[in-house]
Amino acid sequence: MNKKRDIFQYNDSTIKTCDDVQCTNTDIPKYQCADVFRFGNFETKIRNEIQFAEYIPNVNYYIFENQYIEEVLDSINNNENILFVGYPGTGKSSLVLYLASVCKVPIVQIQSSGEMSEVDIIGGFQNISGNMVWVDGLIPFALKNGFWILIDEINMVLPEILARLHSVLDDRRHLDLREINQVIKVTEKTIIFATMNPYDVGTKPLSASLWSRFHIVVPFDYLSFDNEVKLLIEKVNCSKEDAECIVSIANLCRDAYRKNEMSKVVDTRMVLACGKKVKSFEFLKNDSKQHIKRAFHTTILSKLSYEDQSIVNCILTAKGIC
Ligand SMILES: Nc1ncnc2c1ncn2[C@@H]1O[C@H](COP(=O)(O)OP(=O)(O)OP(=O)(O)O)[C@@H](O)[C@H]1O
Ligand SMILES: [Mg+2]
C-alpha cells in the first residue's frame, strides 16, 4: 500500500516560510512532518535527523529568486558538489543553511580565512594529559557523521588544505588521513557546498582543478528591488517607504560599483543593518529623511573609503536626504 507523503512544497519564487507547508499538526513547525521538500519540478528528502540536532541550523526564511534552485536540488539528490559564486551578501550561505534547516540535516560551516590551519580543518595531534592524541578536524568529523559541509569563501583556503580536499571532491570520494593511516569515505549523506566571492580583497582565483571538481557552479546576484524591499520589511520590520528608499540608494551604489566608480559594494547585510537602524531612529523622521541619513552613517558610510563615501553622499543628496 502506498503511504501518502507529506510535501513541503514551494510553488513560486516569492517569500517562503515554514507556514507554507501543508500539515495538520499545529504544535511543531510544519515542515518537520513532511517527507520531502519540493521546489518546482524537483524534490529532496527531508532527513529529519534526531542525532546532532545542535548542528541543524534554524533558518526559516529565504527568498527564492535564484533561477538555479532546481539544479541545486537535483545535485543534492545526486551527491554532487555545488559551488555558489557571487558578490558578498547575495544569500549564498543562507541558501545552504536554509536547505539544511528545512531538510533537517546537520551541517558544518567552515568560514575560511588565511589564518585557518590544517589542524582546524583536517585534524592534528594534540597533547592530552601528556599523550599525543589525534583529534579530527571539522571535515573528518562531518564525513564520519554524514553531515553536509559548507566551505565558505573557498578561495581563501590555504593551498595545502585545498590540495587535501581534492580526493574528497573528485571520484575518489575519500579523505586520506595519512598521519594516522586512515581513509574516510564520503558517504551519500554528505553533500559538499562551497561559496566564493571572486571579487573580494584577499581572495585568490580558484585553480582549474578545483573548479572542475564542482559538478555545478551557481551564480548569485543581489535580489530584485521588490524582493530586497520585502526582505527589509520581513526581517527588520522596516516600513515599505523606508525600505524602498534604502534599497534604491543601495542599487545606485551597486551600479557605481559595477562601473568601477566605487571600490566596495553595498551588500544586503549592510542594507539589513541600515534598515534596522532606520527603525531605531524613526523618531527623527522629517522631510529630509534624517532617520535614514543617520542610519546610513554608521551602517554603510563608515564602512567605505573616503572616495566611496563622497559618491554615496552625492547619491543621498540626489535622493533628498541631506
Ligand atoms: N534570498 C535571500 N533570502 C533571505 N535572506 C537573504 C537572501 N539574500 C540575502 N539574505 C540575507 O542577507 C544577509 C547576507 O546573506 P548571506 O550571508 O547568505 O550572503 P553571502 O552571499 O553568503 O555573503 P558572503 O559572500 O559575504 O558570505 C543574511 O542576513 C541573509 O539572511
Ligand atoms: Mg557567505
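The largest nonpolar core here has 81 residues, a nonpolar core being a set of buried Ala, Val, Leu, Ile, Met, Phe, Trp, Tyr and Cys residues joined through C-beta atoms within 7 Å. Buried means that 20 or more other C-beta atoms, placed from the backbone, lie within 10 Å of a residue's own. A100, W148, I149, F193, L232 and I246 have the most contacts inside this core. At least three of its residues come from each of domain 1 (7-220) and domain 2 (225-318), with bounds from an automatic or database domain assignment. This is a predicted model, where local features need pLDDT of at least 70, side-chain atom pairs count only at pLDDT 80 or more, and totals for chains, interfaces and linings use all residues. Residues are numbered from 1 along each chain as its sequence is written, while chains are lettered from A and ligands numbered from 1 in the order in which they are written.

Take a look at I246: leaving out residues up to four places away in sequence, I246 touches L232, V271, C274, G275, V278 and I292 (C-beta atoms, placed from the backbone, within 7 Å).

I292 also belongs to helix α10 (residues 290-299), where H291, I292, A295, F296 and T299 are buried. These sit on the same side of α10 because they cover an arc of only 130 degrees around the axis, judged by the directions from the helix axis to the C-beta atoms. They pack against α8 (240-258), α9 and α11 (306-318); helices are DSSP runs (H or I, at least four residues), numbered from the N terminus.

Now for ligand 1. Of the 19 residues around ligand 1 (C-beta atom, placed from the backbone, within 6 Å), P88, G91, K92, S93 and S94 come nearest. The shell draws at least three residues from each of domain 1 and domain 2.

Methods:
A residue is buried if 20 or more other C-beta atoms lie within 10 Å of its own, exposed if 12 or fewer, and partly exposed in between; C-beta atoms are placed from the backbone. Two residues are in contact if their C-beta atoms, placed from the backbone, lie within 7 Å. Helices (H or I, at least four residues) and strands (E, at least two) are DSSP runs, numbered from the N terminus.
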